[in-house]
Amino acid sequence: MKTCRKCNIEKSEDAFYKNSKVRGGLHSSCIECDKAISKKHYWADPIKERKRSNKYYVLTKEKHKEKYKEEMMQNLLLRASVIG
Ligand SMILES: [Zn+2]
């Protein structure tokens with residue numbers, strides 16, 4: 001048994017997420033509390049959260065485009081040198 005630091009309720013070990021980084025190997029707060037926290041975090045500002053992930057998506061997309069362009073150029077140069 002382990003006492004949750006958030007709700008102060010004593011619960012069995014499987015009511016906690018495992019966390020190898022902490023002593024005892026278990027999260028200090030129970031799964032229910034952890035879920036409530038992440039939900040609260042999201043719903044506190046869902047638009048901001050969505051924008052943030054969208055921005056990340058656009059960024060990676062741009063990066064991919066750049067990489068693709070680079071590869072295309074290299075391929076062209078390679079082919080040109082072979083033919084030339
Ligand atoms: Zn709890």
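Where is the place of Ser38? Ser38 sits in helix α1, where helices are DSSP runs of H or I of at least four residues, strands are runs of E of at least two, and both are numbered from the N terminus.

## Model and confidence

The model is predicted; local features need pLDDT of at least 70, side-chain atom pairs count only at pLDDT 80 or more, and totals for chains, interfaces and linings use all residues. Residue numbers start from 1 along each chain as its sequence is written.

The protein has a mean pLDDT of 86, with 98% of its residues at 70 or more; pLDDT is the predictor's confidence in each residue, from 0 to 100. Among the elements, β2 has the highest mean pLDDT (96), and helix α2 (residues 46-83) has the lowest (82).

## Overall form

The secondary structure consists of 2 helices and 4 strands. Read from the N terminus, the order of the elements is β-β-β-β-α-α.

The radius of gyration of the protein is 24 Å, whereas a compact globule of 84 residues would have a value near 12 Å. The radius is taken over C-alpha atoms, and the globule rule is 2.2 Å times the number of residues to the power 0.38. Along the principal axes, the C-alpha atoms fill a box of roughly 75 × 30 × 15 Å.

Of the 84 residues, 4% are buried. A residue is buried if 20 or more other C-beta atoms lie within 10 Å of its own, exposed if 12 or fewer do, and partly exposed in between, with C-beta atoms placed from the backbone. Among contacts between residues at least 6 apart in sequence, 19% join residues at least 24 apart; a contact requires that the C-beta atoms of two residues, placed from the backbone, lie within 7 Å.

## The loop between β1 and β2

Asn8 belongs to the loop between β1 (2-3) and β2 (10-11). Its phi is near 60°, a positive value in a residue other than glycine. Asn8 counts as exposed because it has 7 C-beta neighbours inside 10 Å.

Lys6 lies in the loop between β1 and β2. Lys6 is partly exposed, because 14 other C-beta atoms are within 10 Å. Apart from neighbours within four places in sequence, Lys6 is in contact with Ser29 and Cys33. The C-alpha atoms of Lys6 and Ile37 are 10 Å apart, and the two residues are separated by 31 residues along the chain.

## The helices

Helix α1 (residues 31-44) contains 14 residues and spans 20 Å from its first C-alpha to its last, close to the 20 Å expected at 1.5 Å a residue. The expected span is 1.5 Å times one less than the number of residues in the helix. The number of buried residues among the 14 of α1 is 0, so the helix lies largely in the open. Between the C-alpha atoms of Ser38 and Lys51, 13 residues apart along the chain, the separation is 17 Å.

Lys61 is located in helix α2. With 10 other C-beta atoms within 10 Å, Lys61 is exposed. The C-alpha atoms of Lys61 and Ala44 are separated by 28 Å, and the residues are 17 apart along the chain.
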